[in-house]
Structures are given as C-alpha cells and as structure tokens.
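Subject: Structure handover, helix packing

Hello,

Please find the structure below. My notes on the helix packing and on the aromatic rings follow it.

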Amino acid sequence: MIPIEGCAGRDIVTLEGLGSRQRPDPVQAAFIEEQAAQCGYCLNGMIMSTKALLLLAVASSGEAEVIEALRYNLCRCGAHIEIMRAAMRAAGHLAEAQD
Ligand code: FES
C-alpha cells in the first residue's frame, strides 16, 4: 500500500488497464486457464498483486514469494489452491513443475 500523495506524477494501472477480453494480460489469462475464482470478489487484488510481483521481482519467484505477495488478499470463497496455481502458472512455474 502507498499513500495517495505517493502516487503523484506516477502512472497507475488498474485491473481494467491490464488487458482486454480479447487480449488478456498473461496473468489474467493464467487465472482464466486455472478457473481461479468463485465469486470473484478477491480477484482484483490477487491478479494485481501477482502482476506486481512479476513486474518487480522476479523471474525467480517461487511458491514462497507468491504466498508473500498475495498474503494481504483474502479469498472468502476458499479458492486459494486455484489462485496459487494461476499465480504460479503466470510466473511460469506450473509448466516447469509438471515437466
Ligand atoms: S473467489 Fe470469492 S473471495 Fe475469492
């Protein structure tokens, strides 16, 4: 989290700015592929936190880094397994893990 005054002069990307229905961002595509939602209430935070992790860090993001990045986003539906699979897919680890 960052105070609003800390955003002055900076670009802000929202979930709607990541991709489109026709061309979803790779993180959005991973969440779709893993069917990582029930009600969808938590998805903005889950997707944007995953995107931030991948933008800021991290080709080497593993499960521990993903858990840390998503820890402030709570899923009341209990879709955590699918969400983790989507985040790991987005990070490119799921395919590697299945090889
Ligand atoms: S899918 Fe419902 S809160 Fe996460």
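Helix α4 (residues 63-70) and helix α5 (residues 80-90) pack with their axes 10 Å apart, at an angle of about 120 degrees. Axes here are lines fitted to C-alpha atoms, for helices over the stretch in contact, and angles run from 0 to 180 degrees between N-to-C directions. Helices are DSSP runs (H or I, at least four residues), numbered from the N terminus. α4 and α5 cross in the right-handed sense (the near helix is turned clockwise from the far one by less than a right angle). From α4, Glu-63, Val-66, Ile-67 and Leu-70 take part in the contact, and from α5, Ile-83, Met-84, Ala-87 and Met-88; contact means heavy atoms within 4.5 Å. By class, this contact has 7 nonpolar residues, no polar ones and 1 charged (Ala, Val, Leu, Ile, Met, Phe, Trp, Tyr, Cys and Pro count as nonpolar, Asp, Glu, Lys and Arg as charged, and the others, Gly among them, as polar).

The model is predicted: local features need pLDDT of at least 70 and side-chain atom pairs pLDDT 80 or more, while totals for chains, interfaces and linings use all residues. Residues are numbered from 1 along each chain as its sequence is written, and side-chain values use heavy atoms, with hydrogens and water left out.

α5 also packs against α2, at about 140 degrees and with the axes 8 Å apart. Val-27, Ala-30, Phe-31 and Glu-33 of α2 meet Ile-83, Ala-86, Ala-87, Arg-89 and Ala-90 of α5. The residues here are 7 nonpolar, no polar and 2 charged.

The axes of α2 (residues 26-33) and α3 (residues 43-56) come within 9 Å and cross at roughly 130 degrees, so α2 is oblique to α3. The crossing is right-handed. In α2, Val-27, Gln-28 and Phe-31 touch Leu-43, Met-46, Ile-47, Thr-50, Lys-51 and Leu-54 of α3. That contact divides into 6 nonpolar, 2 polar and 1 charged.

As for the rings, the charged end of Arg-76 sits over that of Tyr-41, 4.6 Å from its centre (the cut-offs are CZ of Arg, or NZ of Lys, within 6 Å of the ring centre and within 35 degrees of the ring normal).

Regards

Terms used. Helix = DSSP H or I, 4+ residues; strand = E, 2+ residues; numbered from the N terminus. Parallel < 35°, antiparallel > 145°, perpendicular 65-115°, else oblique.
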